[in-house]
Amino acid sequence: MELKNMVAMVARTGRQLQRYNKGHRQIVGCIPYRIKSNKGKNLEDSLEVLVISAQRKGKGMLFPKGGWESDESIKEAALRESIEEAGVFGTVERILGKWLFKSKSNENYYEGYMFPLLVKEQLDLWPEKDIRQRIWVSVPKAKEVCQQPWMKEALDLLVNRLESSQTIEEESV
């Protein structure tokens, strides 16, 4: 059996390994994305991102994210969260940024880091399959359904980065 098919079917729990900075829990997430064949299309028409349902009903859609733990690198944490919550593997790319945000459910502040994840494989089974829905959507749809302003900012940064790299590629042809 290949390693990618041997994903632990239990998500990590507990706070004993959580990282904190100045009292703020450190959160790491990914924007899973794929580019459909973009021959003759602009980026917005060919780019899709994967959103997942929040654990609590009625809290909308978001990108996979969770606590950065002391026994892993920041990119390892980002990939782990994408596997646990969305069931996708891929390449974790260069960081999009860091945000300080307030919890929607309590008075706590968090330090959040977001990365692009170029999806290489989507799993049929993953740890949180029974408690989350996942759906590929366009960028405008993701902005409409995502409840977190800092995640929408990260999405804008991803789109700008991909558009810039696409422009550079076109100019070098």
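**Close-up views of the nonpolar core and aromatic pairs**

**View A. The largest nonpolar core of the predicted model.** This core comprises 44 residues, of which Ile 31, Val 49, Phe 63, Met 114, Phe 115 and Leu 155 touch the most other members. Helix α4, spanning residues 149-171, makes the greatest contribution to the core, with seven residues.

**View B. Surroundings of Phe 115.** Beyond its neighbours within four places in sequence, Phe 115 is in contact with residues including Val 28, Gly 29, Cys 30 and Ile 31.

**View C. The aromatic pair of Trp 68 and Tyr 113.** Four aromatic pairs are counted in the model. In the pair shown, Trp 68 and Tyr 113 are arranged edge-to-face, at 6.0 Å centre to centre and with 80 degrees between the planes. Trp 68 belongs to the loop between β5 (65-67) and α2 (74-86), whereas Tyr 113 belongs to strand β8 (residues 109-122), so the pair ties together parts 45 residues apart in sequence. Both Trp 68 and Tyr 113 are buried.

**View D. The stacked pair of Phe 101 and Trp 150.** The ring centres are 4.3 Å apart and the planes lie at 15 degrees, so this pair is stacked. Phe 101 is buried, with a relative accessible area of 12%, and Trp 150 is buried at 5%. Ring pairs join Trp 99, Phe 101, Tyr 110 and Trp 150 into a cluster.

**View E. Arg 34 over the face of Trp 136.** Arg 34 lies 4.0 Å from the ring centre of Trp 136.

How values were computed:
Residues numbered from 1 in each chain as written. Predicted model: local features only at pLDDT ≥ 70, side-chain atom pairs only at ≥ 80, totals over all residues. Heavy atoms only, no water. Core = buried A, V, L, I, M, F, W, Y, C linked by side-chain atoms within 4.5 Å. Buried < 20%, exposed > 50% of the residue type's maximum accessible area, 1.4 Å probe, protein only. Helix = DSSP H or I, 4+ residues; strand = E, 2+ residues; numbered from the N terminus. Contact = heavy atoms within 4.5 Å. Phe/Tyr/Trp six-rings, centres within 6.5 Å; stacked < 30°, edge-to-face > 60°. Lys NZ or Arg CZ within 6 Å of the ring centre and 35° of its normal.
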